[in-house]
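Colleague: I am new to this model and would like to learn how to read it. Could you take me through a few features, giving the general idea before each case?

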Amino acid sequence: MDSPRVALIRRLFEHMERNDLPAAAEELLQHSADDVVFEPHASHGEVIRGHDGLREFWSRFADEGTQLRAGAYSIAEEGDSVVVSGWVRTIDEGRLADTQSRWVYRFNDEDQVVSARAERA
């Protein structure tokens, strides 16, 4: 049986595999601290801070017409973090790109996400 942290991250990736970024973002935000920090690979180095910052980032991403799907090969809890190895597929202006990625979601004692970082594997 998964811990609450691992179960949350599994749900996020289920949404992302279906290209349902709004549902994934809202699920993540419901379980994030107010001062959460996000570093998605798609932000090209921009650090996204707080709930409104993430909503604005994904809204811009969607407005540009970029499609994104992601899936997990493995999800493991390591200390105060959940680490995911998986893949990302983006379609932007008709161009398809597949990337192997690694995500690290760090949690506080209340099981809220306090940071989330993605990097190429």
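Colleague: Is Phe13 buried or exposed?

Modeller: Please keep in mind that this is a predicted model, in which local features need pLDDT of at least 70 and side-chain atom pairs count only at pLDDT 80 or more, while totals for chains, interfaces and linings use all residues. Residues are numbered from 1 along each chain as its sequence is written, and side-chain values use heavy atoms, leaving out hydrogens and water. Buried means under 20% relative accessible area, exposed over 50%, and partly exposed in between, with a 1.4 Å probe and protein chains only. Phe13 has a relative accessible area of 2%, so Phe13 is buried.

Colleague: How many aromatic pairs does a search of the whole structure find?

Modeller: A pair of aromatic rings is described by the distance of the centres and the angle of the planes. Rings of Phe, Tyr and Trp (its six-membered ring) pair if their centres lie within 6.5 Å, and planes under 30 degrees apart count as stacked, over 60 as edge-to-face and the rest as tilted. The search finds two such pairs. The ring centres of Phe13 and Trp103 are 4.8 Å apart with planes at 75°, so this pair is edge-to-face.

Colleague: Which residues does Ala70 touch?

Modeller: Contact means heavy atoms within 4.5 Å. Leaving aside residues up to four places away in sequence, Ala70 touches Phe13, Met16, Glu17, Trp87, Val88 and Trp103. Ala70 is itself buried, at a relative accessible area of 1%, and Trp103 counts as buried at 8%.
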